[in-house]
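Colleague: I have a model open and would like to learn how to read its local features. Could you walk me through a few of them?

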Amino acid sequence: MSVHGIVLFGHGARDGRWAEPFERLAVKLRDAHGTAGPVALAFLELMSPDLPTAVAEQVAAGCAAITVVPVFFGQGGHVRRDLPALIDACRVAHPGVTIHCAIAAGEDDGVLDAVADYCLRQIAGSSSPAD
């Protein structure tokens, strides 16, 4: 059976608390993905591991395929320029591994639906505009 890993790729920040939602997302994915393959976080800058390190760790864990999911809301310069260059470098470093890159999470209609639902719940739960 082929092992398929997931790498959640985020920007990174100086404040370590910034990564907490991504860590919670990784836990949810690990619970859902189970033994099918590892789930890791990777960051463009300011935090570690970087994408090449996270991919190398998944390859070392036996992954024959890895899906990189940019947990960005939109496709700015980092997702359009920086990420493809990193993906290409990972493919060169691991030629026997299939590395797929998903679109930015915020570009998916299901994600946008979930955010819209969240926004509507905030309106329904507020008792006054000052809340």
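**Reading the model, feature by feature**

Modeller: Happy to. Let's begin with the neighbours of one side chain: leaving out residues up to four places away in sequence, Gln58 touches Gly5, Ile6, Val7, Pro38, Val39, Ala40, Cys63 and Ile66. Keep in mind that this is a predicted model.

Colleague: Is Gln58 buried or exposed?

Modeller: Buried means under 20% relative accessible area, and Gln58 has 2% relative accessibility, so it counts as buried. Gln58 lies in helix H2.

Colleague: Which backbone atom does the Gln58 side chain reach?

Modeller: The backbone oxygen of Pro38, at 3.2 Å. Pro38 is also among the residues that Gln58 touches.

Colleague: How do I read the packing of H2 against H3?

Modeller: Start with the axes. Those of H2 (residues 51–60) and H3 (residues 77–93) come within 10 Å and cross at roughly 35 degrees, and the crossing is right-handed. H2 contributes Leu51, Pro52 and Val55 to the contact, while H3 contributes Leu83, Leu86, Ile87 and Cys90.

Colleague: What classes of residue make up that contact of H2 with H3?

Modeller: It has 7 nonpolar residues, with no polar and no charged ones. As a general idea for helices, an α-helix has 3.6 residues a turn, so residues three or four places apart point the same way. On H3, Leu83, Leu86, Ile87 and Cys90 are the ones in the contact.

Colleague: Where is Pro49, and what is the peptide bond from Ser48 to Pro49 like?

Modeller: Pro49 is in the loop between strand E2 (39–43) and H2. The bond from Ser48 to Pro49 is cis, with omega near 5 degrees.

Colleague: And how would I check a helix such as H4?

Modeller: Compare its span with the expected one. H4 (residues 109–125) has 17 residues and reaches 24 Å from first C-alpha to last, close to the 24 Å expected at 1.5 Å a residue. Then look at its start, where a side-chain oxygen of Asp108 reaches to within 2.8 Å of the backbone nitrogen of Gly110.

Colleague: How far is Arg121 from Glu57, in sequence and in space?

Modeller: They are 64 residues apart in sequence and 39 Å apart in space, C-alpha to C-alpha. Arg121 is in helix H4 and is partly exposed, at 45% relative accessible area.

Notes
Residues are numbered from 1 along each chain as its sequence is written. This is a predicted model: local features need pLDDT of at least 70, side-chain atom pairs count only at pLDDT 80 or more; totals for chains, interfaces and linings use all residues. Side-chain values use heavy atoms; hydrogens and water are left out. Helices (H or I, at least four residues) and strands (E, at least two) are DSSP runs, numbered from the N terminus. The expected span of a helix is 1.5 Å times one less than its number of residues. A polar contact is a pair of N or O atoms within 3.5 Å; within protein, one must be able to donate a hydrogen and the other to accept it, and residues adjacent in sequence count only if both atoms are side-chain atoms. Axes are lines fitted to C-alpha atoms, for helices over the stretch in contact, and angles run from 0 to 180 degrees between N-to-C directions. A crossing is left-handed if the near helix is turned anticlockwise from the far one by less than a right angle, and right-handed if clockwise. Contact means heavy atoms within 4.5 Å. Ala, Val, Leu, Ile, Met, Phe, Trp, Tyr, Cys and Pro count as nonpolar, Asp, Glu, Lys and Arg as charged, and the others, Gly among them, as polar. Buried means under 20% relative accessible area, exposed over 50%, partly exposed in between (1.4 Å probe, protein chains only).
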